[in-house]
Amino acid sequence: MSRRTRFSQAAVAVSVIALAAVGCGKSSTDTSSDSKKSSSGYSGKGIGLAYDIGGKGDQSFNDAAFAGFQKAETEFKIGGRDIEPQDGESDADKVQRLEQLAKSGYNPVIGVGFVYAPAVKEVAAKYPKVTFGIIDDEQDKAANIADLVFHEEQSSYLAGVAAAKATKKNHIGFIGGVDIPLIHKFEAGFDQGAKSVNPSIKIESQYLTQTPQEGGFASPDKGKDAAAGQIEKGADVLYHAAGLSGQGVISEAASKKVWAIGVDSDQYAQSSLAKYKDWILGSALKNVGGAVYDLAKSVVDGKPLSGVVRGDLKSGGVGFADSNPKYKAMTDVAAAVDKAKQDIIDGKVTVKTTP
């Protein structure tokens, strides 16, 4: 039976470790060789995690998943294995990766990203006693599948409010990784939030590629070029929803001394972006780590989640990071974002999901 839950709101730290090639894709860690037996009756090897395009080290979406993976391993004293994607891989490769994890005894097995939907559906049917999770997709329906999805449009609305309050030119920009419905939600929320502050604000909008296979989520050079173009047109605050490609957006914004707004993780706090952090205004958060942690906890506790589990502002599943002291010093910006957040939680504002 499908159940809903609130994602964990506790912060989880991200750390990146060296990658080693193993099996199908690259396996970053394999911290368990024997099944664990907990007081609740859990007897799996631990968590199996399969990354999305761009892999671990994107300082965004995949790293957020890894943070939850690490937190669950540590707190529940279980093992885990996380595996990298390969360039140009097929759905059959994803099926093989998930099946490898399930067959080896990992439970839950989580596909990080909507691209895993067909693979999760196929492998879950073969392993009904294993709980599977898929992040950012809700088309797979089975008793042993949890669809871990989010109201990305809500956090993006806050990003739009922040951008419209921070701009000095009334000209801002949105850069999406791939032109797909999931990323349209980010654009829709951003546009609506910005226009709630200034209905006549000018908003540049660009998608890097039409399909994930073209590298829209994994090409910092594409993000850099797109950012350069929008800055040249006059935008002075750029919001990206582009995974690893967003690193190019942030680096270009910093080099031109204009604001960037990050996505998914608190990108101000990411080590690989430290040299640009003074120009990261904030980040539209998506608690992917909390979703991974909560699914693992439910399985360890013997009460596995299933069905659609959706994170929103009220539950802490999405949010807006305010780590940058420069953002906090802009009290009018911070106050506007806080008010917008409360208005959404209170139901005074309904955020659109399409531009």
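## Helix 8 and its surroundings

The buried residues of helix 8 pack against strand 3 (46-50), helix 1, strand 5 (109-111), strand 6 (132-135), strand 7 and strand 12. Contact here means heavy atoms within 4.5 Å, and buried means under 20% relative accessible area, with exposed over 50% and partly exposed in between (1.4 Å probe, protein chains only). Helices (H or I, at least four residues) and strands (E, at least two) are DSSP runs, numbered from the N terminus. This is a predicted model, in which local features need pLDDT of at least 70 and side-chain atom pairs count only at pLDDT 80 or more, while totals for chains, interfaces and linings use all residues. Residues are numbered from 1 along each chain as its sequence is written, and side-chain values use heavy atoms, with hydrogens and water left out.

How many of the 13 residues of helix 8 are buried? The count is 12 of the 13, so helix 8 is largely enclosed by the rest of the structure. Among these buried residues are Val 288, Ala 291, Tyr 293, Leu 295 and Val 299. From first C-alpha to last, helix 8 reaches 19 Å, close to the 18 Å expected at 1.5 Å a residue; the expected span is 1.5 Å times one less than the number of residues. After helix 8 comes Gly 302, with a positive phi near 80°.

## Helix 1 meets helix 8

Now look at one neighbour. Helix 1 (residues 61-76) packs with helix 8 (residues 288-300) at an angle of about 35°, and their axes are 7 Å apart. Axes are lines fitted to C-alpha atoms, for helices over the stretch in contact, and angles run from 0 to 180 degrees between N-to-C directions. On the helix 1 side the contact includes Phe 61, Ala 64, Gly 68 and Phe 76, and on the helix 8 side it includes Gly 289, Val 292, Ala 296 and Val 300. An α-helix has 3.6 residues a turn, so residues three or four places apart point the same way.

The crossing of helix 1 and helix 8 is right-handed. A crossing gets that name if the near helix is turned clockwise from the far one by less than a right angle, and left-handed if anticlockwise.

Six strands form an open sheet in the order 9-8-10-11-12-14, with mixed pairing. Strand 9 (202-209) and strand 14 stand at the edges with a single partner strand each, so one side of each is left without a neighbour in the sheet. From one strand to the next, the twist averages 15°.

Two strands pair if DSSP finds at least two bridges between them. Strand 8 (residues 171-178) pairs with strand 10 (residues 237-241) in the parallel sense over four bridges, and Gly 176 stands opposite Ala 241 there. Strand 11 (residues 259-264) runs parallel to strand 12, joined by five bridges, with Ala 260 opposite Ile 280. Strand 12 and strand 14 (residues 318-321) are antiparallel, with four bridges, and Lys 286 faces Val 318 across this pair. Strand 12 (residues 280-286) is mostly covered, as six of its seven residues are buried.

## Helices across the sheet

## Another pair and the whole chain

Strand 7 (residues 145-150) and strand 13 are parallel partners over five bridges, with Val 149 and Arg 310 as bridge partners. Four of the five residues of strand 13 (residues 307-311) are buried, so strand 13 is largely enclosed by the rest of the structure.

Stepping back, the protein chain has 10 helices and 14 strands. Of its 355 residues, 61% count as buried.
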